[in-house]
Amino acid sequence: MTGGFSPPPYPHDRLAALATTARGHDGGMVDLSVGMPNDPPSPRVVAALATSGAERGYPPSIGTPALRQAAAAWMARRFGVDVAPAAVAACIGTKELVVGLPHWLRLRRPDRDTVLYPAVSYPSYAMGAELAGCRPVPVPLDECWRLDLSAVAEEDAARALCLWSNTPGNPAGGLDDLAAVAGWARRRGIPVLSDECYADFTWDGPSRSILQSGSEGVVALHSLSKRANLAGLRAGFYAGDPELVAYLSEVRKHAGFMVPGPVQAAAVVALDDDAHAAAQAQRYRIRLERARVILSQALDVAVAAPGGGIYLWVPAPGGDAWAFAERLATDAGCLVAPGDFYGPAGAGHVRLAMVVPEDRLELVARRLAG
Ligand SMILES: Cc1ncc(COP(=O)(O)O)c(C=O)c1O
């Protein structure tokens, strides 16, 4: 024992025993535990990978002009915002950026040591704080799973290096009032990191971006993993405050972060293809509704429709998420994620990712009925 950092068990590795139970069902496991895209990417994107001619040279760390232009054009179409391509930079999928940001921001502001993040959220916000030697401080959510910034202590705000928001939210599907989030943080001089990787899957109203309330002090993060079923490609970008984007992209250039050239070329095709994303959104929407009906009827639990995202966030009967997950694995061969993966405040729920075709959801329905 050195007393130094010891990585905790990776959340999904804790599901091994439940997965064995679920796999024992005739017809196999229905795995709803991970937000792993299973539907096909566009063949045009795959073709672009093979034909870019970008293998030989080093790719620009910040992103090719074509990629930054395509990202800016997509944001203009999707959100009606005018972002200069110079205020856009590439990342290798968004998880590495999410986890790395506190470290790089702290190098710039060593006087600040606190990362504020949604109390029920994607675990990498807290992990990035921890890996940077910062204090992860969860911000409570309201009854609609939105950030409740009135609950942040002013002492924590004064020490905050950054504030994470995630709209639509993983796991609960909440939609923050991003203008209010930006306003709160600007009044306190706290950069907002707005993870918007599910923006194409917004069900209540139009897609939102923090950049709709201006770019000062805010950075939006976007990924092609979910929009275009390209989690294996590792392609994303960030955009916003020109000074923050310039700082981050310079640090990342020194550190050797580069999206491979062929991936950058394919990402341009994926960003341009709104029809493919719309078809994927329709699939998720149909599955969310069907799974909601199946669970509500078979288990007598109240399942709310999410405001956005690709997950159902289901209250566990009696508030015991692990017991509920075990029941679903045993009775329905269905693997789900217990809510404590997303923070202690999530412990009374389970998360179901709508990443399987409808016939697999019908199999779950039959098993539950039988
Ligand atoms: C909220 C959120 N942010 C970021 C990511 C990272 O996605 P990627 O690294 O594939 O861009 C995920 C992946 O599930 C996510 O749910």
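View 1. The angle is taken from 0 to 180 degrees between N-to-C directions, with axes as lines fitted to C-alpha atoms, for helices over the stretch in contact. Elements are DSSP runs numbered from the N terminus: helices are H or I with at least four residues, strands are E with at least two. This is a predicted model, so local features need pLDDT of at least 70 and side-chain atom pairs count only at pLDDT 80 or more, while totals for chains, interfaces and linings use all residues. Residues are numbered from 1 along each chain as its sequence is written, and side-chain values use heavy atoms, with hydrogens and water left out.

**View 2. The sheet itself is open and has seven strands**. Read across, the order goes S2-S8-S7-S6-S5-S3-S4, with mixed pairing (two strands pair if DSSP finds at least two bridges between them). S2 (88–91) and S4 (135–139) sit at the edges, each pairing on one side only. Ignoring direction, neighbouring strands are turned by 25° against each other on average. Zoom in on S5 (residues 160–166) and S6 (residues 192–195) and you find a parallel pair joined by four bridges. Trp164 stands opposite Leu193 in S6.

**View 3. Another helix, H9, lies across S2, S7 and S8**. H9 covers residues 242–255 and runs at about 140° to S8.

View 4. On the H4 side, look for Lys95, Val98, Val99 and Pro102; H5 brings Ser124, Tyr125, Gly128, Ala129 and Leu131 (contact means heavy atoms within 4.5 Å). Sorted by type, the contact residues come out as six nonpolar, two polar and one charged. In that sorting, Ala, Val, Leu, Ile, Met, Phe, Trp, Tyr, Cys and Pro are nonpolar, Asp, Glu, Lys and Arg are charged, and the others, Gly among them, are polar.

**View 5. H12 (residues 321–332) meets H13 (residues 358–369) at about 90°**. The two axes are 8 Å apart, and the helices are therefore roughly perpendicular to each other. Leu328, Asp331 and Ala332 of H12 touch Val364, Arg367 and Leu368 of H13. That gives four nonpolar, no polar and two charged residues in the contact.

**View 6. Trp104 and Phe257 form an edge-to-face aromatic pair**. The ring centres are 5.4 Å apart, with 80° between the planes. Rings of Phe, Tyr and Trp (its six-membered ring) pair if their centres lie within 6.5 Å; planes under 30 degrees apart are stacked, over 60 edge-to-face, the rest tilted. Trp104 is in helix H4 and Phe257 in the loop between H9 and H10 (261–272), so the pair ties together parts 153 residues apart in sequence. By the same rule, the count comes to twelve aromatic pairs.

View 7. Most residues other than glycine have a negative phi, and most peptide bonds are trans. The bond joining Thr167 and Pro168 is cis, with omega about -10°, and so is the bond from Asn170 to Pro171, with omega near 15°.

Definitions and conventions. Parallel < 35°, antiparallel > 145°, perpendicular 65-115°, else oblique.
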